[in-house]
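Please look over the structure shown here before reading on.

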Amino acid sequence: AQFLERNGRAMDAETVLHHLDELQPKFAVSAADFELQTGNAGKAVSLYQAAGARNVTTPGAHSDANKNPSIGPRIVEANLAEAANDPQSIAGARQSVEKLESTTAKSNHQLLASEVALVSDDLITAEREAKAAIPNLTNAAPAHYLLGEVAARRGESAAAWEHWLTAQQLDPHYVPARLALSAAALEQQNAKETEEQIVPVVRDEPANVRALLIYARALLLEHRYDSAQALCRRAEALAAKKSEIAIVEGDIALEQRQFAQALVQYEKAILLDPYSEEAMGRLTDVYQRGGADGALVHKLERLALSGTPSSRMMEIAGRLYARRHENANAVRCLRRAIQMDPQRSSARIALATLYDESDGNKAFALIANPEWGIQKLGSSTVAAASDSKTDKNSLERQYEETIRAGDPSGIASNNLAWIYASEGRNLERALELAKHARDKNPRSPEVLDTLGMVEFERREFSDAVTCFRRAIRQASTQKLPDIQHQIEAHLAAALHETGADSIQ
């Protein structure tokens with residue numbers, strides 16, 4: 001089966017794995033493992049449940065799959081993986097964990113509870129359960145991996161790396177730790193470290209699509225285009241409907257200045273995932289790098305309204321206008337894109353960032369209402385919305401209402417923390433809000449900047465410096481020069497207070 005997977009023969013590999021399951025009916029998980037590795041978590045759940053129901057070792061025993069000590073945890077893992085597409089799967093995972101409590105060792109049950117809490121964004125519970133499990137574990141690698149994930153969500157990159165490295169040292173074959181380490185190295189554009197971490201995973205799990213794509217991105221950093229493309233073809237044979245594969249293929253083409261091919265791949269990514277902000281940003285990049293002048297952008301706007309109206313093309317026109325600093329045209333196009341498709345959250349965020357300080361209420365209405373389901377910030381600052389010259393009390397009330405409702409995006413918490421920091425009041429509350437926003441958006445330079453400003457106002461200058469530097473790294477990685485310059489000014493002020501004189 002692995003030979004077939006390495007050669008892109010996914011259907012043949014699946015057939016072999018189903019046959020393998022027939023040969024070992026008491027632990028028939030091979031086909032389900034394959035589905036989970038290729039990103040088909042929903043099908044994996046069904047196969048695991050079927051395997052658990054067949055695995056009845058005692059006549060008359062209950063056939064509930066969740067009571068099986070070997071298969072039950074796999075059902076939890078698959079449910080959590082499916083949560084990215086179906087949030088209701090978290091409830092299924094939680095129920096599975098509850099049913100496993102009587103048949104699973106306490107430490108293993110704590111690990112599962114930590115995973116569920118992590119996916120539910122309950123970082124406090126996730127950390128507590130993982131730490132509690134360590135003393136009773138023969139192999140504590142999973143616990144340290146989870147603690148690394150908690151640290152990463154909080155933006156604590158160094159702590160996350162240490163936990164993942166500890167997990168790898170405890171168990172060199174523990175795949176989640178290697179995936180996390182390789183992804184972190186890739187984010188730092190360290191191709192050599194990424195390759196060293198990911199190659200063993202690709203070798204042992206040739207159907208692991210995430211590993212294949214991480215490896216392909218590492219090869220792209222080294223300009224090994226043919227090898228990166230070959231890995232993408234393998235991934236596509238295993239998971240043809242995964243939009244990230246098309247994005248990586250587009251990146252490979254764009255790096256070689258093959259603009260037409262890049263355009264095709266990014267278009268494909270958006271067709272597979274119409275609301276992918278990453279694909280939308282990449283598509284805008286390729287138009288810009290291909291030399292999109294004012295006439296071409298105007299033509300895109302007209303095309304978006306002709307024939308079958310296209311909210312996607314209208315959003316691209318708006319983003320291109322914004323990059324040309326034609327804000328009036330950008331606002332017009334982005335508003336039309338939202339009217340065409342009210343669920344286009346990426347257009348809402350892009351529009352919100354264009355409103356000036358006098359339109360703080362408009363920005364709030366676009367981005368902070370939980371019913372729109374926006375789960376993350378865009379690539380431009382939204383904190384400016386809270387610095388409005390309009391009625392601050394009204395804005396504060398709106399933010400507080402959103403926070404009381406749960407604030408799933410962290411946007412309202414970020415903006416209210418910014419208001420408090422800019423006025424030097426309610427700083428304890430501001431710190432709590434800023435940390436909540438960071439937990440929801442650990443890679444957002446704007447959110448990290450807000451947290452740094454809160455710490456600055458609290459005269460915790462060393463913490464502020466650390467936070468500003470982390471924000472600058474994120475802004476640089478995401479190629480946001482304007483935001484990076486703003487944060488560098490904040491860093492310079494914090495360094496001045498500590499007696500230092502360099503922002504490096």
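Is Phe456 buried or exposed? Phe456 is buried, because its relative accessible area is 18% and the cut-off for buried is under 20%. Keep in mind that this is a predicted model. The mean pLDDT of the protein chain is 82.

**Aromatic pairs**

- The count of aromatic pairs is two.
- One of them joins Tyr145 and Tyr174. Their ring centres are 6.0 Å apart, and the planes make an angle of 70°, so the pair is edge-to-face, a label given to angles over 60 degrees.
- Tyr145 sits in helix H9 (residues 141–153). Tyr174 sits in the loop between helix H10 (157–170) and helix H11 (175–187). The pair therefore ties together parts that are 29 residues apart in sequence.
- Both Tyr145 and Tyr174 are buried.
- Phe456 and Phe461 also form an edge-to-face pair, at 5.3 Å centre to centre and 65° between the planes.
- Phe461 is buried too, with a relative accessible area of 12%.

**Salt bridges**

- The structure holds 25 salt bridges.
- Glu195 and Arg224 meet through their side chains in one of these, at 3.4 Å from N to O.
- Glu195 belongs to helix H12 (residues 191–204). Arg224 belongs to the loop between helix H13 (209–221) and helix H14 (225–238).
- Glu195 is buried, at 16% relative accessible area. Arg224 is partly exposed, at 34%.
- Glu278 forms a salt bridge with Arg282, and their closest N and O atoms are 3.4 Å apart.
- Helix H17 (residues 277–289) holds both Glu278 and Arg282. They are four residues apart, about one turn of the helix.
- Glu278 counts as partly exposed, with 35% relative accessibility.
- Arg458 forms a salt bridge with Glu428, and here the closest N and O atoms are 2.6 Å apart.
- Arg458 lies in the loop between helix H26 (445–457) and helix H27 (461–477), while Glu428 lies in helix H25 (residues 427–440). The pair therefore ties together parts that are 30 residues apart in sequence.
- Glu428 is exposed, with a relative accessible area of 57%.
- A network of salt bridges links Arg217, Glu244, Asp251, Glu278 and Arg282.

**A loop residue: Arg344**

- Arg344 lies in the loop between helix H20 (327–340) and helix H21 (345–352).
- Arg344 is buried, with a relative accessible area of 3%.
- Which residues does Arg344 touch, not counting those up to four places away in sequence? They are Pro274, Tyr275, Met280, Ser311, Arg312 and Glu315.
- Arg344 and Ser276 are 68 residues apart along the chain, and their C-alpha atoms are separated by 9.5 Å.

**Confidence**

- In the protein chain, 87% of residues reach a pLDDT of 70 or more.
- Confidence is highest in H13, at a mean of 96. It is lowest in helix H22 (residues 360–367), at a mean of 48.
- Over residues 57–68, pLDDT stays under 50. The model has 21 contacts beyond four places in sequence for these residues.
- Over residues 363–390, pLDDT also stays under 50. For that stretch the model has 87 contacts beyond four places in sequence.
- Where pLDDT is low, predicted coordinates should not be read in detail.

Technical notes
Residues numbered from 1 in each chain as written. Predicted model: local features only at pLDDT ≥ 70, side-chain atom pairs only at ≥ 80, totals over all residues. Heavy atoms only, no water. Phe/Tyr/Trp six-rings, centres within 6.5 Å; stacked < 30°, edge-to-face > 60°. Helix = DSSP H or I, 4+ residues; strand = E, 2+ residues; numbered from the N terminus. Buried < 20%, exposed > 50% of the residue type's maximum accessible area, 1.4 Å probe, protein only. Contact = heavy atoms within 4.5 Å. Salt bridge = Lys/Arg side-chain N within 4 Å of Asp/Glu carboxyl O. pLDDT = per-residue confidence, 0-100.
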